[in-house]
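Q: I am new to this structure and would like to go through it step by step. Could we look at it together?

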Amino acid sequence: MQQIATAGAAKPEDRALAGVLSAYVVSATAWLLFATFIGVVLAYKFGAPDFAPGPYLTFGRLRPIHTNATFYGFASIALVGLAYYVAVRSCRTALYSVRLAWTGLWLFNIAAVAGTVALDLGFSAGDLEYREWPWPVRLVFLAALMVTAWNLLFTVARRNTHDIYLSNWYTMGGVLWTCIIAIVAILPWYQYGLGQVAVSGYYMHNAVGMWFTPLALGIFYYALPKLLSRPIYSYALGVFAFWTNLVFYPIIGAHHFLFSPLPWWLQTTAIVFSVAMLVPVLGGSANFLLTMRGRFGELHHSYPLFFIFIGVVGYLVGSTQGTVEAFRSLQAVWHLTNFTVGHSHLTMYGFVTFAIWGGVYALLPVATGKQPGQLGLALHFWMAVVGSFIYVISLSIGGTIQGLDWVRGLPFIQSVVDMQPFYIWRGIGGVLMFLSHLVFAWNVWRMTYGRGAAALPPVPAFADEEAA
Amino acid sequence: MKKLLLIAGGSTLVYAGLALLMGVLPGIMLSQTPPGPGVKPLTPLEAEGRAIYVANGCSYCHTQQVRPLAQDKVFGRPSAPGDFAYQTPELLGSERTGPDLTNIGARQPSAVWQYIHLYNPRAVVPESIMPSFSWMFAVVAKAPEGVSPVPVPKAFAPAKGVVVPTHEAEALLAYLMSLKQTPLPGADQMSASALPQPAPAAAAAGTAATGYDPAKGKALFSANCAVCHQESGEGLPGAFPPLKGNKAVNDDDATQHIHAVLHGVEGVVIDGVHYDSQMPPFADTLSDAEIADIIDYERSSWGNHGKPVTAKDVAAVRAKGK
């Protein structure tokens, strides 16, 4: 990792941190390219089902490979890398253990490779959304989480600041809670028949909202003040959102199984708390947007800021949409249609992925002293925004039509036929998104091992957190 | 240190409590749900088929949960907790790119159809986007003793040899055939009281006893018959007979036609052809009026000119029994 020049002030621990962050981001980028390439193949199969036949490329095996690689290859690795960096900088300390960080990275990658291979060979734990990997593979992932939790906690424990900055609340919490999620998902004793349905509802929701959401919010809380050189609008609001999110979110998993034979009270509780989720979501979003108040004109000059802005909008719109979807009257139409697929891309892509990109563009150049080019930034940004917009809109419209076809009692095949144009539009959006990832990979290369566009002057890397 | 303990430790404790409450406890309670009346464990072959279903991700396109909603009626009665006693890992699914399969063993019991469909779905449903599972079949010069070759239509069949199912396909078929809902005493009252009931299209069709509605007839035919007899009415040679120009369909005495739809057909030689596959019965899934609509559609399409029937005629044949 010696090649990563840190411009000027190259203290050994700075260089080690830059090395860790670079390795995590590069690794995550490789997974992003892989996972979304599979995504494009899947999208193509909706129009050409006989394309790429045979067991190893069949739809039902590639589908979980796509989702798991996105979740546990790309997003998890990227978020953990950024969380380390944020912890070190906001605590004005050094990483507790560089070696543990590398161990974690290896474990994440071993799990993701083993999980991918297992699924392709047909070893699936059972089409259980986001926990299809066989349990030994998920144990490796759990080990990676525990290593990360340990390293993060001890880094924060060695801080040279009085307070623990808000970002670290979210990131430490996210990693610790996810250890619990992973354990609950693996233990078999309460997962028979309908019991497993209840656990699936809990799992598929919490794995998203107690893992990706808090880590992505952690990036917002650090990167926004940094990019704007002003403190977060309200620290107290951030703390309030933290606790309300923690209490409300875990309760709403069963809204994935509305109208199922799960007990009616469980479903109703989930709906009620889905509405309560508006509190942390609106609170958090308002906090971010108010931090940006009066500075929206700068979006055009600062792509990192623009990425984060889209991420905040994705968080606001995606989460609010989630609340709306939870109502029974709307679920009766949208449930089981492609609308859900649109929703999950609005949140995982529009929110989490844009947050990651904003974080990478805001922090990685500071760590390595290398900038990506302006053209690369612009290309990445606009293709990703336009692509995901087309993707989400087409599936939302198509999914609604699909659901209405069913309500009208048309022969089932009519809903398959009616989706065709929307599948094509989804494919066009998906290809644009994939192309933007190629540009992102090029940008990452320039910020890490390649030649940057312009060397930065070394910045004293402290957020304005203490001003809050 | 205290701060760190409060934030990390405190929140983790809270979360652990919630995970117990919302994940583990419902899991414990619901895992003990007793099997519903008549719900049986899978045989070894069916269980093997289920594993193949899981390995190939059928449930990313197919749900196995019938909701107590009008639009789900076509898939069977609403799923009940006792239905899932032997269903681990659970396969409820989250997307219906293809139809729900909870009751597919009753809705589409024809092994021949299932095999052709698995070999290449487009051979029976041209608009289908389901993948082909042809690797679960073998192409041999001659089918071994006691195995009937799958009558794959020419356009989809291999140039040489015949298609026979491998053990994998047989196990998968056995699993699909095991997906049959058991009757549930009082299921109707349950769903009616638990829910607001939007006016179901099917119920409306059931009351329209007078007059033949061509649009309704066509839709019902597409939904129930076209996968075998095809939209063109020409069937699939060697697998499903044509209804175009068919004797029973054009006969002015419609008894045989009605009987076929109500009770199914098996082992009847049609136009000199013996069909290995069977025609499933529709007496339990379609009302008299719906059957009359379908029959009139068949009798007035593709150049057919049979005398139309009414729901009363269907009721009369139904009353006589098998």
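This is a predicted model: local features need pLDDT of at least 70, side-chain atom pairs count only at pLDDT 80 or more; totals for chains, interfaces and linings use all residues.

Q: Let us start with chain B. How many helices and strands does chain B have?
A: Chain B has 13 helices and 4 strands.

Q: And what does the C-alpha trace of chain B span along its principal axes?
A: The span is about 90 × 55 × 35 Å.

Q: What share of chain B counts as buried?
A: Chain B has 322 residues, and 52% of them count as buried.

Q: What about contacts in chain B between residues at least 6 apart in sequence: what share join residues at least 24 apart?
A: Of those contacts, 69% link residues at least 24 positions apart.

Q: Moving to chain A, at what angle do helices H6 and H10 pack?
A: Helix H6 of chain A, residues 194-228, and helix H10 of chain A, residues 303-325, pack at about 140 degrees, and their axes lie 10 Å apart.

Q: Why are H6(A) and H10(A) called oblique rather than roughly antiparallel?
A: An angle has to be over 145 degrees to count as roughly antiparallel. The angle here is about 140 degrees, so H6(A) and H10(A) are oblique to each other.

Q: Is the crossing of H6(A) and H10(A) left-handed or right-handed?
A: H6(A) passes H10(A) in a left-handed crossing.

Q: Which residues make that contact?
A: From H6(A), the contributors include A:Thr213, A:Leu217 and A:Phe220. From H10(A), they include A:Pro304, A:Ile308 and A:Tyr315. By class, this contact of H6(A) with H10(A) has 11 nonpolar residues, 2 polar ones and no charged ones.

Q: Now another pair: how do H1 and H3 of chain A lie?
A: Helix H1 of chain A covers residues 12-47 and helix H3 of chain A covers residues 98-120; their axes come within 10 Å and cross at roughly 10 degrees. H1(A) and H3(A) are therefore roughly parallel to each other.

Q: Which residues meet there?
A: Among those in H1(A) are A:Ala16, A:Tyr24 and A:Trp31, and among those in H3(A) are A:Trp102, A:Phe108 and A:Asn109. The contact of H1(A) with H3(A) divides into 13 nonpolar, 5 polar and no charged residues.

Q: Changing topic: where is A:Arg63?
A: A:Arg63 is in helix H2 of chain A, which runs over residues 59-90.

Q: Is A:Arg63 buried or exposed?
A: Its relative accessibility is 13%, so A:Arg63 counts as buried.

Q: Which residues does A:Arg63 contact?
A: Apart from neighbours within four places in sequence, A:Arg63 is in contact with A:Leu42 and A:Glu129, and also with B:Tyr60 and B:Glu95.

Q: And B:Leu18, where is that?
A: B:Leu18 is in helix H1 of chain B, residues 2-31. B:Leu18 is buried, with a relative accessible area of 11%. Not counting residues up to four places away in sequence, B:Leu18 touches A:Leu246, A:Val247, A:Pro250, A:Ile251 and B:Gly23.

Q: Finally, how many disulfides are there over all chains?
A: The count over all chains is 0 disulfides. As for B:Cys61, the nearest cysteine sulfur is that of B:Cys58, 8.6 Å away.

Q: Are B:Cys61 and B:Cys225 buried or exposed?
A: B:Cys61 counts as buried at 14% relative accessibility, and B:Cys225 counts as buried at 13%.

Technical notes. Residues are numbered from 1 along each chain as its sequence is written. Chains are lettered from A and ligands numbered from 1 in the order in which they are written. Side-chain values use heavy atoms; hydrogens and water are left out. A disulfide is a pair of cysteine sulfur atoms within 2.5 Å. Buried means under 20% relative accessible area, exposed over 50%, partly exposed in between (1.4 Å probe, protein chains only). Axes are lines fitted to C-alpha atoms, for helices over the stretch in contact, and angles run from 0 to 180 degrees between N-to-C directions. Helices (H or I, at least four residues) and strands (E, at least two) are DSSP runs, numbered from the N terminus. Angles under 35 degrees count as roughly parallel, over 145 as roughly antiparallel, 65 to 115 as roughly perpendicular and the rest as oblique. A crossing is left-handed if the near helix is turned anticlockwise from the far one by less than a right angle, and right-handed if clockwise. Contact means heavy atoms within 4.5 Å. Ala, Val, Leu, Ile, Met, Phe, Trp, Tyr, Cys and Pro count as nonpolar, Asp, Glu, Lys and Arg as charged, and the others, Gly among them, as polar.
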